[in-house]
Amino acid sequence: MVKTTPDADVIAYLESHTYQETMDYFKISRMTIARIKKRNASQRKSDYMPEKIQLAIVGLGNAASAVIQGIEYYKSARRPTGLLRPTLAGYHISDIQVVAAFDIASAKVGKPVWKAIKENELAVVAEPPDDLDVPVLMGNPLDGYIEETMDVIKPANIAPVDVAKALKDSNAEIVLCLLPSGADESVKYYAEQSLKAGCAFINATPTSIATDKAFAKRYADAGLPLIGDDLQDQFGATILHKLILQQMLDRGVDVKESYALDVGGGSESLNTIFRARDVKRAIKSMSVAGALNIEAPIVAGTSDYVEHLGNGRNSMLWIVGNGFLGSEIIMDVKIQTEDGSNGGSVLADVIRATKVALNQGASGALDEISAYGFKKPPKAVKNPVEASKNLASFILGVK
Ligand SMILES: NC(=O)c1ccc[n+]([C@@H]2O[C@H](COP(=O)([O-])OP(=O)(O)OC[C@H]3O[C@@H](n4cnc5c(N)ncnc54)[C@H](O)[C@@H]3O)[C@@H](O)[C@H]2O)c1
């Protein structure tokens with residue numbers, strides 16, 4: 001006869017022990033614990049309080065500001081406007097707790113995160129929480145800034161902290177990397193520190209981390225999830241471009257040529273222009289054309305920096321196709337978005353999905369989460385609908 005453990009015993013034990021201790025004590029897997037928690041959550045909804053998701057953020061720029069503000073904003077919002085998933089596996093966005101933060105800008109380091117995010121282009125619209133106590137720690141500058149962004153970042157002249165130790169001390173379980181595009185050395189450094197501290201790593205930058213086989217193997221060996229690379233916006237030019245092209249193909253239209261080019265005014269746009277334009281363009285073009293298997297010339301990327309746009313981004317899409325009898329169909333679309341906030345909702349899903357991955361004991365580069373939230377995942381899928389379905393199956397533990 002198979003011996004079963006009463007749910008109540010596991011839940012009671014979990015209150016004062018870690019996942020690992022609970023797994024060892026009852027000789028059960030992370031997946032079983034997750035199932036027990038889920039089962040009991042639906043039975044006693046009012047008593048159920050999911051544990052907080054302990055998040056560390058590297059790079060307190062505009063994207064970080066959106067996540068930090070979102071955690072507070074949706075606590076009191078009457079409607080979940082703008083959220084892709086109000087709850088994900090029982091976790092609300094407000095179950096995310098920022099426990100550590102790293103930056104190098106003199107205007108941010110040493111301040112509590114809520115004060116530091118005011119130094120970005122993205123406006124602060126959420127009310128800060130009462131406890132403002134997580135300070136921004138000095139990170140390792142490495143290649144985090146270039147000559148052209150030096151005046152914006154103004155790196156602090158302070159010795160960096162021991163990042164792995166700070167991560168351990170803060171009990172962080174997930175590190176979210178939001179460094180500038182092209183800061184490859186810095187991104188790799190923080191991926192190493194995260195590994196050393198035993199944290200899952202989410203790479204929102206275009207640097208190859210989840211798509212790097214060596215990093216993926218080391219995270220797999222350490223039993224830690226690795227997610228990335230290059231965040232996909234909630235609703236921006238890349239996703240719109242893919243959806244339109246997919247519809248054209250599905251309706252029998254032959255795509256002849258297309259481009260999607262944008263201008264932005266945030267510090268990331270300035271940084272992209274000077275050191276990551278080609279990389280970003282290659283990723284965006286590949287993300288659109290590669291996933292859809294189109295042979296026509298397709299170009300997608302950032303074309304310029306316009307300071308007075310602030311955190312705004314204007315994207316111009318141009319698509320030419322041939323329909324019945326070779327008739328020409330031409331589309332000229334403009335979409336105007338806000339950079340930082342456009343990443344917030346996808347990041348909120350990805351952070352919560354990474355927590356589910358930790359609960360399930362999943363490790364290494366995780367295809368389902370990466371293909372859902374990133375432009376350059378280890379394994380791309382055809383369209384966002386398929387990516388969303390695969391994520392749902394992953395969360396449910398069904399492959
Ligand atoms: N919608 C989005 O926001 C979005 C979408 C896709 C990709 N991304 C990616 O997310 C990343 C962040 O974008 P952003 O708009 O928030 O950028 P940002 O320029 O607003 O912020 C970057 C932050 O990193 C800090 N920094 C630089 N070097 C550092 C170092 N070595 N250690 C610690 N901190 C350092 C800077 O001081 C700054 O605060 C970029 O790589 C971008 O490509 C964002």
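I began with alanine 101 and looked up its bridge partner in strand 5, which is valine 136. This is a predicted model, so I take the pairing as computed.

Next I checked how the two strands run. Strand 4 and strand 5 (residues 136-138) are parallel, with 3 bridges between them.

Then I turned to strand 1 (residues 53-58). Strand 1 also pairs with strand 4 in the parallel sense, and I noted 6 bridges. Within that pairing I looked up valine 58. Phenylalanine 102 of strand 4 stands opposite valine 58.

I asked myself: how many of the 8 residues of strand 4 are buried? I found 7 in strand 4 (residues 96-103), so the strand is largely enclosed by the rest of the structure. For this I called a residue buried if 20 or more other C-beta atoms lie within 10 Å of its own. I also kept in mind that side chains in a regular strand alternate between the two faces of the sheet.

After that I stepped back to the whole chain. I noted 14 helices and 13 strands. Of the 399 residues, 48% count as buried.

I looked up the contacts between residues at least 6 apart in sequence. Of these, 75% join residues at least 24 apart.

Last came the overall dimensions. The C-alpha trace spans about 70 × 55 × 45 Å along its principal axes. Why do I say that the radius of gyration agrees with a compact globule? A compact globule with 399 residues would have a value near 21 Å, and the chain has 22 Å, which agrees.

Terms used:
Residues numbered from 1 in each chain as written. Predicted model: local features only at pLDDT ≥ 70, side-chain atom pairs only at ≥ 80, totals over all residues. Helix = DSSP H or I, 4+ residues; strand = E, 2+ residues; numbered from the N terminus. Rg over C-alpha atoms; globule rule 2.2 N^0.38 Å. Buried ≥ 20, exposed ≤ 12 C-beta atoms within 10 Å, placed from the backbone. Contact = placed C-beta atoms within 7 Å. Pairing = 2+ DSSP bridges.
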